[in-house]
Each structure stands twice: as structure tokens, then as C-alpha cells.
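Open the structure in your viewer and keep the sequence panel beside it. The stops below say what to select and what is there.

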Amino acid sequence: MSDLIEVDDQHAPSAPSKRSGPRPSTTINWQRLLGLMAATLAIWLFIDSTTLQHNAQVSPVGIRRTIALDLLGPVAALSRVTQVSHLESWANGALGRNGNGSGGGESLTIIMPPVQKRTTTGHPPIHPAITTIPPNSMQSPTATDPLRVLLIGDSLGIDLGDALQNRLAATGVVVAALDAKESTGLTRPDYFNWPAELTSALPKVNPQVIVVMMGANDPQAIPGPPGISYGTAAWDVAYRHRAVSFMRLATSEGASLIWVSLPPMQDAALNAKVQHVNDLQRSAAAKVPKVIYIESNQVIAAPGGGFSAFVTKDGQNINVRTPDGIHISPSGSNVLAASVIHTMRKQLDIPVP
Amino acid sequence: MLFPTIDFALFFLAAFALCWVLSPFPTPWKLAVLGLSYFFYGWWEPKFVLLLVAETAIAHVGARMITRARDDRTARLWKIAAVGSLLGILGYFKYAGFFAVSIDNVARSVGLGNLIPLIQPTLPLAISFFTFMAISYVIDVARDELDPASPIDLAVYLAFFPHLIAGPIVRGSELLPQIRRRRDERHIDYSRAIHLIVRGLFKKVVISSFLATAIVDPVFVSPSGHSALDVLFGIWGYAIQIYCDFSGYTDIAIGLALLLGIKFPVNFDAPYSAVSLQDFWRRWHITLSRWLRDYLYIPLGGNRGSESEIARNILLTMILGGLWHGAAWTFLAWGTLHGVGQVVGHRRREARVAAGKPPQTTGLTAHIGHVVWTFQFVCLAWVFFRATSFTNAFEVLGRLFSGWGSPTTLVTPLVILAIVAVLAVQQLPGVLGARLAAWWSNQHLALQGSLLALVLLGVTTLGPTGVAPFIYYRF
């Protein structure tokens, strides 16, 4: 074993002398440490197995998901039988959380117009549940009777929503509610159920206009049973149906819906999927009244509609996409938000300042 | 592959076992560590492993040619070539788009548009970190402070996965001897390592995430929609968020390296207990600070020369330090603010010393004043660091004045507690955590494992809900 080198004992702690007694041990050999780490991981996996199992269930269909579910299934079952999983669900309950990570509540933020004054109780309404809609509030929003807008989406929706919410709130006559969550879409309601979330948000916000941008996470298999693979005619039918249902739900209380298409992606394979989702969403929008479909590739893309990290506006180049080639930069979000506001003015006849 | 994930936990368990089994055999150990590190980096984007390999090759060839050079001039030329190449790679991936669009906009304003092709390459993860490490290696060899390493030693030094993604920026003199030397598998300082990892997880997963969603992001997204008090706490909250996020990740990195028998330098030392900006930079991202000091500030002249030369050196160093953090004018503004602050602080200290006084006023009240003032200035600069544009930054700052009277909705007891607790801990000697870790390490192994599992459960429960299992994630 010519490669063997002796351990450099200069760097090893000296053995405790017999007279001083045993010294507290803060060091350990690697074998015992490996056992400790493995045991820790095993105990933690056992306690947290139900959450990990849920996480595996909502992950993209594939080998990784299958292996994870096969391994976690028995562990999670044992955890439930022994009531150990209650430890985690108790902790989540104490924090007021749905342990499965689905459902809403955490994704909704509402920005009131800055001119809002405190109510006599000293606590301004966070969720203005307006029971009657004044007849002219949409045509002439004011600070005391603001236009109510709900912004919905995934991470791209967050990009647009942040800019749009800020611009709308700054007008002083709009209540802008942003309800968005990264990595979500319509394909996997087991991970995040947008129809349920929208149903929950509608009475809280009572929007007159809803703006939606999502779909980039949707090109993946719909898990079963029966499972539907992405790229099949059955998947297209199922997805279009979900999009139509969602749009009908959004407009069910009288709100107008602006659906913003996904921008082109830098990666060609990803772009093909995203454009396919756009096609399905566009065809769904054509079937539902009160839905306006905005093409983002006419605003934050190359002149031909392809991917471009830069656009020229008023003679200046603007960086509209982030370095990952997927998301929208803050400048790009502002450009797209301006386009949405323009649509609200021109097509919905709302005099947004 | 991010640290606080189950994927990484399983990866590390396997990596730990493999590394220690091979520890008696230096070459297989190095090859295993290198393979694991490339696998770790390639988990995000496999093709950029080639970038890491390329920079390793440039640093290796550069260092070898420097040492073989027949005269100083040739050695200097090789140094310039190697460092220039490394900076060129960094410049292309990180700054090409920024400078191209800025220059083109200026050109357009004078009627000379389309001078430069507008490109935006995908930014490789951690490129700033490993490029700076490669540059420090080449320069240390050129200064005869370090012997050239073998290719595999150098590759391991640059790619070692605990520090690869977010530092610390380790020197060759610190890590190469540890790579060459056999690690002591009988006495792994696991108490300190576990303490660091748990502390890092709590800071990053719990505190940082909480403050980001509870107050910082809402305030910076829409300053005009929040009160002055919300904005003020949002700014303070960001100071705590970025500290917990960055130092938490570094703690985990140092802890993981310790578990593998490797010691990293400390990277954060209670920065918000600093009594001046100069002191702050001795406590914040220490490995970057010393890199800037040794490879930029001192070669520029450092503290030698006239007052204006010293001021120039400080400003230039801090501005470039700002640019290192990101390709945007707001990062330059952040660096400039720190530079200006340090110049002013330097001149005040010099004036006081020249007048026979101590560099700073002394006493408890003065000390508190220095800490508070330094923290507020640092927070002011953080506004530009966090803001998405100058407009956003001035919106946030302006709201501090115009937002009084609006309802405060984000400043909750928990937000206040998180901010105050982290600040308070920084003012205290850091012995409690170490004592707790020592107590834990004296328990039976089964109890140690159980307690640690409960702590991990606590961290994951208190952290943000849900998981991002889908195709895309925000960088």
C-alpha cells in the first residue's frame, strides 16, 4: 500500500492524561459518526415520512418519483400506525399550516391604495369583503371606491404580478391582490390546487378584473390513475378542459379575465412545450366569454416573437429576461405590466391612471 | 443540488462514507472528492462542469509557466495572461450583457446604435467564487507564497463541493496542505460541525425565509403600498435576511467540510456588532474582504501614498467589490456607498490620531452609538443591494418619509422578534451554542441522533412549506 500515508498526529488532540480524568469528547471517529448521521437521517425520515411521501407524490412523474414512493410508502405507513407522524402534523397545526403544502392562504397578498386611512377600530380591513358593487366603480375608480384586481400565477406570474401590483397600487385607486405561488400550474392540483385557491380568493377580494399568467410548469404528465402522458392527444384534451374550467370559474362572479401568454424561452425544447401550452390556453380563452388573451411575445420578445433578452423601447435597450432564460426581469415585468394596464384601459374601458 | 434538501442529505451521507474509506489512499481520495464535486456541480447544469475544468486548466498552466519562466518579465506576462483569461471568462458570463446594453444605450443616445451585439449568456452557478479562488492561486504562486500544485490537487482545491457554490473563498495555502495531508479519521470535530450545520440551517431555512416572505419582499415589491414603519422594518429585515441567508449557507459549508476533515476559515464574525465600516468589512464575508484587500487594494497602493490616493484605492476596491456581487448599477451604488463611507471614516480616524486622540470616541455610550450608526449606514446601502433598480431604491427610501399615517400591516411581533433576536445575539459572546453542542456530544449516541433528528424536524417544520419539485426554480 505505497499510497498510504500515516495520519499526521500533530493535528490530533492529545490523549487525556490519567491524572486529569476523561475529557469531554467533541470528536469522534468516522465510523461512529457515519452511524450517527445515518441514524439521524433515518429517524428524521421516519418522523417526516408523511410529508416526504406527499412531496414525492406531487413531484414530476418519472423514475425518481416512483423510487421515492416505493421507499417512502412502507415507512410512512409505519409512521402513521405508530402515531409518530402526528408529531409533525401537530407541529404544523400549531403553526396554522396545512401539512400537505396544498391549499391557499399563504400565497395571497393584498396591497391597499396608499391613501387608505385607518378605520375607527384602528385596524384597516385586510380583506375587503365588499358585499355590493357600486354601479360605477369599474368605470370610475376612486380612492374610497377602488377598482379591485386579482393577479394570479406561478413564478412568471410573480414576475408580472410584482410589477403590476406595484403600478396599480401606486395609482391610489386600485386594490391589487397578488395570489401567486412558484412551481404551480393547472396540471398538478395535488401539489397546489388553483381552482380551490381561486374559489377561496374570490370572496375575499371580490375582483372586478383578474389577471392570470401561469402554465410554464404544466408540460408534465398528469399522474393517475389513470396517468396521462404529456405530448398525447389525451393530455391536450384534459389540459384544455382544465383551462376552460378555470377561466369559467374566474369569470363566474362577473369579473373580466385577462390571460397573459407565456413568453418565449431561451431553451428550444422548453420553448416548444411552452408554446404548446400557450396554444391550448389560447383556444380555451376563445371559448369563454369575458376573457381577453394577451400575447406576451408581442411585448417582451424579439420582433418575430422569438426569445430575446432585450427589447428596444423609446430608443433604449431594456433587459427583459433574467440570465436563466426563463423568467422575466424587473424591467421586463414593468414593460409587460404596462401592456396589461393598456389593455385594461382600451379593451375593458377602465380609466386606470 | 442545494444544501437544505433531502437529495443533498443522501448525497452527503454517501460522499462522507466514500471519502473516509478512501482517506488512507491519497490519490483515490482526491479522485473521489473530485468526482463527487463535479457530480454536485453538474446536478444543476452538466455542461458547466467543463467551465470549472477549463478554469482549473488555465490556473494550472498559468502557475506552471510562471514558475518555469526564465525572468521576471516573462513570469509577469504569464501571470497577466492567466489572470486575464480567468477574468475574461467571468466578464463574459457575468457582465457581457450588462455592459453591452449600457454601452449601446449610451451610443443610441448620441445616434450610434447597434455598436455592440446584445448578448446574455446563461450565468453559471458560483462562477464568481471559483474564479476568484483560481485567481488567488495564480497570484500566490507568482508571489512565491505558494508552490504550484499538481493538477489533481488544484482541481480538488477549486471544485471541493462544500465551498463550491457560495464560498468561503479559501486560499490555496489554507486548503492545499489539507488536501495533501491525510485527514484524521479518529478525531473528527463533529460537535462543532453539527453545531455549525444546525445553526446554518436555522438561520437560512427559518429566519431568512420567514423575513423574506413576511416583510422584505412585500415592501420592496410595492413600497408605495406600505407604511413608513413597514418599510423601515423591511429594510432592517433585509439586513437580517441577507446575513442569515449568506452566513447560514457558509456555516453549513464549514460544518460539512469539518465532517470531511477539512477546516475552512471563518467567513462571518457578528458583522452587525461592528463599530465602523472598516470593522464591518473585517466581519462580513471575511474571505472576500481579504481577497479584495490582498489582490486589489494593496496592489493599488493600499494605505501608502497621499490621502487622495488612499481614497482612490478604497473607492475602487469597494466599487469593484460591489460589481462582483452582481451586474447592475445598483450593486455599483452599494459598493460606492461603502467606499465613500470608508473614506470618510478613514479620514476621521486619521484626523483624530493626528490630534492625539483615539481613533474613535470611547465609552459604553459611544460604543453603542458607533454600533447603531454603522448598522443604519449598512442598512441604507442594503437598500440599493436589494432594490431591482434605482427607481425602486428611491421609492423605498422615499416611503420612509411619505408613508407615515398609512396603516402598518407587516410589522408583527414575530418580525420584530426575529430582527431583534439576531441583532442581540451578535452583541453577545458566542459561547452558548458551542456549550450546547458540547453537552449534546457527551450524550449517548442514540440520544444524540434522536435529538438531532428532532432539531431537523423543527427546522423543516418552521421553514417554508411545500417543495419545489417542478421543472423550474428561481436562481
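In which helix of chain B does Thr391(B) lie? Select Thr391(B): it lies in helix H16 of chain B, residues 390-402. Helices here are DSSP runs of H or I with at least four residues, strands are DSSP runs of E with at least two, and both are numbered from the N terminus.

Before going on, note that this is a predicted model, in which local features need pLDDT of at least 70, side-chain atom pairs count only at pLDDT 80 or more, and totals for chains, interfaces and linings use all residues. Residues are numbered from 1 along each chain as its sequence is written, while chains are lettered from A and ligands numbered from 1 in the order in which they are written.

Stay on Thr391(B), which is exposed, with 11 other C-beta atoms within 10 Å. A residue is buried if 20 or more other C-beta atoms lie within 10 Å of its own, exposed if 12 or fewer, and partly exposed in between, with C-beta atoms placed from the backbone.

Next, select Ile258(A), in strand S5 (residues 256-260) of chain A. Ile258(A) counts as buried because it has 25 C-beta neighbours inside 10 Å. Leaving out residues up to four places away in sequence, Ile258(A) touches Val209(A), Val211(A), Ile292(A), Ile294(A), Val340(A) and Thr343(A). Contact means that two C-beta atoms, placed from the backbone, lie within 7 Å. Leu348(A) is 90 residues along the chain from Ile258(A), and their C-alpha atoms are separated by 9.7 Å.

Colour chain A by secondary structure to see nine helices and eight strands. Of its 353 residues, 43% count as buried.

Select helix H3 of chain A, residues 63-81. H3(A) bends by about 35° at Leu72(A), with Pro74(A) following within four residues. A bend is the angle between axes fitted to the seven residues ending at a residue and the seven starting there. Leu72(A), Ala76(A) and Ser79(A) are buried in H3(A). The buried residues of this helix pack against helices H1 (30-47), H2 (49-57) and H4 (85-94) of chain A. Just after H3(A), look at Gln83(A), where phi is positive at about 70°.

Move to helix H5 of chain A, residues 155-170. Here the bend is about 25°, at Gly161(A). Of the 16 residues in H5(A), 15 are buried. Gly172(A) follows the helix and has a positive phi near 85°.

Where do two helices of chain B pack at an angle of about 10°? Select H3(B), residues 49-68, and H5(B), residues 127-142, whose axes are 9 Å apart. Axes are lines fitted to C-alpha atoms, for helices over the stretch in contact, and angles run from 0 to 180 degrees between N-to-C directions. H3(B) and H5(B) are therefore roughly parallel, a term for angles under 35 degrees. Among the residues making the contact are Ala59(B) and Gly62(B) of H3(B) and Ala134(B) and Val138(B) of H5(B).

Finish at Val138(B). With Ala159(B) and Ile240(B), Val138(B) touches the most other members of the largest nonpolar core, which has 131 residues. Helix H9 (residues 190-221) of chain B gives the largest share of this core, 18 residues. A nonpolar core is a set of buried Ala, Val, Leu, Ile, Met, Phe, Trp, Tyr and Cys residues joined through C-beta atoms within 7 Å.

Terms used
The expected span of a helix is 1.5 Å times one less than its number of residues. Angles under 35 degrees count as roughly parallel, over 145 as roughly antiparallel, 65 to 115 as roughly perpendicular and the rest as oblique.
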